[in-house]
Amino acid sequence: MAQYKMHLLVCGGTGCRASESTKLVENLQTVLRTNGLDNEVQVVTTGCFGFCEKGPIVKVMPDNTFYVEVKPKDAEEIINEHAIKGRKVSRLLYVDPKKEEAVSDSKHMGFYQKQIRIALRNCGFINPENIDEYIARDGYAALGKALTEYSPEQTIDVIKKSGLRGRGGAGFPTGLKWEFASKYKDNEKYVVCNADEGDPGAFMDRSILEGDPHSILEAMIICGYCIGARNGLIYIRAEYPLAIQRLKIAINQAREYGLLGENILGSSLSFDIEIRYGAGAFVCGEETALIHSMEGERGEPTVKPPFPAEAGYLGKPTNVNNVETYASVPVIILKGADWFSSIGTEKSKGTKVFALAGKINNVGLIEVPMGTTLREVIFEIGGGIKNGKAFKAVQTGGPSGGCLTEKHLDIPIDFENLVASGSMMGSGGMIVMDEDDCMVSVAKFYLEFTVEESCGKCAPCRVGNKRMQEILDQLTKGNGTSEMIDQLYNLGSVIKDTALCGLGQTSPNPVLSTLQNFHNEYVAHVEGRCPAGQCRAFIQFLIIAKKCTGCTACTRVCPTGAITGERKQPHTIDQLACIKCGVCQRKCKFNAIEVM
Amino acid sequence: MCALKEALSPVNIKTIKDICQSYNNNAGNLINILHRVQEEFGYLPIEVQEAVARELSISVAKIYGVVSFYTFFTMKPKGKYPISVCLGTACYVRGSEPILEELKKTLAINVGETTPDGFFSLDSLRCVGACGLAPVVIVGEKVYGRVEVHDIGKILSEYK
């Protein structure tokens with residue numbers, strides 16, 4: 001292997017590729033070749049660094065320089081200045097917003113300081129399309145260790161002792177799940193990876209598959225060894241083309257290296273992995289629905305028991321875990337159960353990946369020890385609320401979770417605490433909302449999602465959620481009555497108690513939690529006000545004549561031409577033509593447009 | 001991609017046969033098969049579903065049940081440039097709803113429809129995972145990030 005003196009790690013995740021990181025890589029390589037440096041400096045396309053807000057990211061190793069928002073045309077300057085002359089390109093460095101100074105070493109960035117990266121250990125470090133890079137970072141060593149040092153029972157014991165719990169939603173102990181599947185005797189068993197990441201706003205599974213696909217393969221092989229399965233299936237969303245492509249490459253490489261197939265690493269273990277595509281159905285994240293979908297059926301859930309461990313795919317014993325859960329397995333085997341269980345809280349061990357999104361400064365992917373508080377996550381790692389606005393709520397757990405408020409900011413995040421606060425861990429999406437977000441609209445938004453995604457099998461979910469959505473729609477349109485609030489409470493609790501599967505039982509959570517934490521806002525809508533000024537039925541945009549300078553910025557952005565006025569004269573808005581999109585308000589530099 | 005009108009041509013039937021055969025005509029692989037067939041034809045009209053049913057020896061009703069259950073499968077042809085607006089939560093709180101409204105108005109079609117000239121079709125989807133760029137609009141395979149309502153005209157003009 002060639003010895004390079006410098007590596008340029010460029011993020012090749014979906015987010016950064018959307019901002020032309022592929023073109024950037026090409027440009028960097030071209031400039032290196034013209035300067036005859038292509039044997040000295042290597043450009044590596046890696047998985048996600050997590051700092052998606054400022055992508056595309058280029059990290060220079062060995063000096064840890066972290067360049068942000070790099071454009072394809074910056075390639076020449078990076079090579080000429082940094083690689084050739086040894087001077088950092090200061091205009092591309094990350095600037096700490098609090099201290100207002102450039103940070104030249106990523107270790108000193110607030111975003112990374114509180115993180116412990118276990119599931120994301122290789123994302124942003126290795127080229128996911130090269131198995132040798134994974135192996136160089138102890139890849140497949142855990143598989144070797146399990147095969148040579150532990151029996152299947154002992155391996156399951158390590159996972160049990162580590163306290164690892166499922167990262168996909170319910171938090172069921174992983175070791176126990178494996179033990180159940182191992183107890184059922186059958187010569188045909190299945191190991192399934194649930195990569196049907198359906199929570200809007202959660203993208204950790206996609207990033208792991210894009211950035212470190214081999215860690216999933218390794219864990220699935222270990223699971224096959226533990227439960228006595230020869231077949232693995234990865235059920236992945238068709239909306240993730242890049243992750244699918246990298247998984248295919250990884251599976252082929254693992255086969256070439258004898259890590260998949262017959263007699264793995266010279267042992268008696270034989271195991272292979274196939275990919276199955278999802279087709280856009282949120283309910284398929286539920287394990288019984290997922291199994292039906294893999295069988296070529298409609299993805300409708302069935303009542304448990306029997307659990308998949310007893311009768312799953314094709315009626316055979318099946319173990320289903322999600323991506324992030326599998327990603328933690330190899331490290332646990334290598335470093336030991338005690339190491340893993342020393343991180344986290346009493347009942348929730350290890351770390352959890354969260355996808356920070358919404359009105360937060362540092363949108364991205366982070367991994368923190370269980371027990372970190374929401375305040376640390378949102379205000380320290382996440383850098384606080386965008387545009388200096390006030391924090392209002394954070395929604396965790398996706399459409400099954402709830403909205404947490406200011407008073408929950410200091411509780412340590414773990415499975416139990418989140419449920420006790422009326423939300424849940426879910427897959428780890430965290431959507432931050434500010435003072436401008438109307439909580440009734442947010443509840444309606446989630447209900448629309450559930451109504452669309454309900455499989456229709458049981459009446460509470462199919463009919464009940466539809467009725468709740470209609471009530472919320474009336475509330476946001478100014479047709480609400482106070483009885484409607486009671487109806488929401490009643491419907492919500494009945495659906496929770498009677499729906500068939502996890503999706504239905506948790507679907508009223510966004511409504512119930514906002515009813516509890518933002519009751520006043522519901523009352524206000526009945527009284528004809530939207531405190532956040534978001535519901536269009538209750539608002540008007542008006543131009544304050546005194547403040548308006550007649551700069552015409554608003555007239556140029558108004559999509560309906562509703563704003564008129566002479567240059568340098570106060571403008572006016574035609575209320576009949578106004579669609580209340582609010583673009584003019586965001587564009588106005590003089591705060592002359594107000595919501596009434 | 002080829003456009004379909006009424007009865008399938010022998011070539012089209014052969015394509016469907018080959019795809020089914022590559023999965024050993026195993027009905028358990030129905031979803032993977034439908035993905036491949038949709039890739040080939042652009043959509044899954046009833047004639048195509050009938051052909052798949054014959055190959056796999058299952059009822060058309062079952063295939064229709066699967067096609068109508070999953071949002072990824074479509075029975076209407078998509079436009080030359082399919083447009084998708086992300087309505088994931090991150091995009092929603094950063095204002096994707098007004099963008100969808102603007103697209104509906106500009107193109108004069110609803111979600112799930114195609115313009116009469118077959119140029120654009122409009123869909124909403126839930127999260128492509130590019131939440132750092134929210135709100136996101138996707139045209140064909142190109143992702144537009146941090147889109148504002150007044151950018152829509154400019155984006156569409158790139159394709160006309």
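Predicted model: local features only at pLDDT ≥ 70, side-chain atom pairs only at ≥ 80, totals over all residues.
**Strands and domains in chains A and B**

Let me start in chain B, with one residue pair: B:Ile83 stands opposite B:Val139 in strand E3.

E1 of chain B covers residues 81–86. E3 of chain B covers residues 137–139. These two run antiparallel, and three bridges hold the pairing. E1 of chain B has another pairing, with E2, residues 120–125. Here the sense is parallel, with six bridges.

Step back to the whole of chain B. How is chain B divided? There is domain 1, 10–69, and domain 2, 81–157. Between the C-alpha centres of domain 1 and domain 2 of chain B, the separation is 30 Å.

On to chain A. Chain A is split into domain 1 (6–109), domain 2 (131–340), domain 3 (351–434), domain 4 (439–526) and domain 5 (540–595). Take domain 1 and domain 5 of chain A: their C-alpha centres are 41 Å apart.

Next, a sheet in chain A. What is the strand order? It reads E2-E1-E3-E4, an open sheet of four strands with mixed pairing.

Now E1 of chain A, residues 6–11. On one pairing, E1 meets E2 of chain A: parallel, six bridges. A:Cys11 has A:Thr46 in E2 as its bridge partner. On the other pairing, E1 meets E3 of chain A, residues 58–61, in the antiparallel sense over four bridges. A:Val10 is opposite A:Val58. A:Leu8 has A:Val60 as its bridge partner.

Is E1 of chain A largely enclosed or largely open? Five of its six residues are buried, so the rest of the structure largely encloses E1 of chain A.

To recap. In chain B, E1 pairs parallel with E2 and antiparallel with E3. In chain A, E1 pairs parallel with E2 and antiparallel with E3. That's my tour.

Notes. Residues numbered from 1 in each chain as written. Chains lettered and ligands numbered in written order. Heavy atoms only, no water. Domains from an automatic or database assignment. Pairing = 2+ DSSP bridges. Buried < 20%, exposed > 50% of the residue type's maximum accessible area, 1.4 Å probe, protein only.
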